[in-house]
Every structure is written in C-alpha cells, then in structure tokens.
Amino acid sequence: LSPPQDPEVHEEEAEAPDLIGSLYLIKSSKHYKIGRSNAAGRREREIALQLPEKAAMIHEIKTDDPVGIERYWHERFATKRLNGEWFALDARDVAAFKRRKKFM
C-alpha cells in the first residue's frame, strides 16, 4: 500500500510546465528564419554553417509548445514567406516577435 498523496502538491506539479524547447528568430542578410529547437544556440551555429552570409540570433522564446507556437508565427507571417521557414519581415514584425518574452 502506498501512502496517500497530498492533493495540493500533486496539483502544483501538474501546473508546472516542462520546458521542452524554444522558438527562435534568426537573421541572415535581410531575411529571417523562424524555427524551433531544443537547443537554439546550437541550431544557430548549424544554420550559420549552411549560409553564405552571417546569421545572428535575434530573439528566442522558450516554450512548452514549440510546435504550436511555431505554427502560430508561420501562419501570422504567411504572406511574407519566402521559402521554407524564411520570411521577409519588416521592423514591426520583428518587434512583434520580440515582444513575446521568455516563456509562452
């Protein structure tokens, strides 16, 4: 027989999200990549190796729903999509992305 669990402790554990990834905005030349990763810094280096021009991390949003949050931003900027996850964003778009703080 196991001892009874304290319901308050159990509820708090259920409310605490597990951080499983992040969404990132990387700029290369005049274009932006919106993607997801469980290691955004490593992903930035991987992308930089594949590009002829320098790439820089602009912003990162840590999230427990990287797939859903990425889908939101891809849909929001769908009319500015160039190829794959690359977008022609303007300063207002970038500012909107950067307003999203450390966790979504």
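The accessible surface of the protein chain comes to about 7200 Å². Carbon and sulfur atoms account for 51% of that surface. Keep in mind that this is a predicted model. Of the 104 residues in the protein chain, 31% are buried.

Now follow the chain. It has 4 helices and 5 strands. From the N terminus on, they come in the order α-β-β-α-β-α-β-β-α. Among contacts with a separation of 6 or more, 65% join residues 24 or more positions apart.

Next, the sheet. The 5 strands form an open sheet in the order β3-β1-β2-β5-β4, and the pairing is antiparallel. At the edges are β3 (55-63) and β4 (81-83), each of which pairs on one side only. Helix α3 packs on this sheet and touches β1, β2, β3, β4 and β5 (86-87). The direction of α3 makes about 160 degrees with that of β2. Look too at α4, which lies across β1, β2 and β3. Helix α4 runs at about 40 degrees to β3.

Return to one strand pair. β1 and β2 run antiparallel, joined by 7 bridges. Here Ser 22 stands opposite Ser 37 in β2.

Finally, look inside. In soluble globular proteins, nonpolar side chains tend to be buried together. The largest nonpolar core here has 12 residues, including Leu 23, Tyr 32, Ile 69, Trp 73 and Phe 97. Which elements each supply at least two residues of this core? They are β1 (21-28), β2 (31-37), α3 (66-76) and α4 (91-99). Another core, of 5 residues, lies apart from the largest one. Tyr 24, Ile 26, Ile 47 and Trp 86 are among its members.

Key:
Residues are numbered from 1 along each chain as its sequence is written. This is a predicted model: local features need pLDDT of at least 70, side-chain atom pairs count only at pLDDT 80 or more; totals for chains, interfaces and linings use all residues. Side-chain values use heavy atoms; hydrogens and water are left out. Buried means under 20% relative accessible area, exposed over 50%, partly exposed in between (1.4 Å probe, protein chains only). Contact means heavy atoms within 4.5 Å. Accessible areas come from the Shrake-Rupley method with a 1.4 Å probe; for residues, only the protein chains shown count as cover. A nonpolar core is a set of buried Ala, Val, Leu, Ile, Met, Phe, Trp, Tyr and Cys residues joined through side-chain atoms within 4.5 Å. Two strands pair if DSSP finds at least two bridges between them. Axes are lines fitted to C-alpha atoms, for helices over the stretch in contact, and angles run from 0 to 180 degrees between N-to-C directions.
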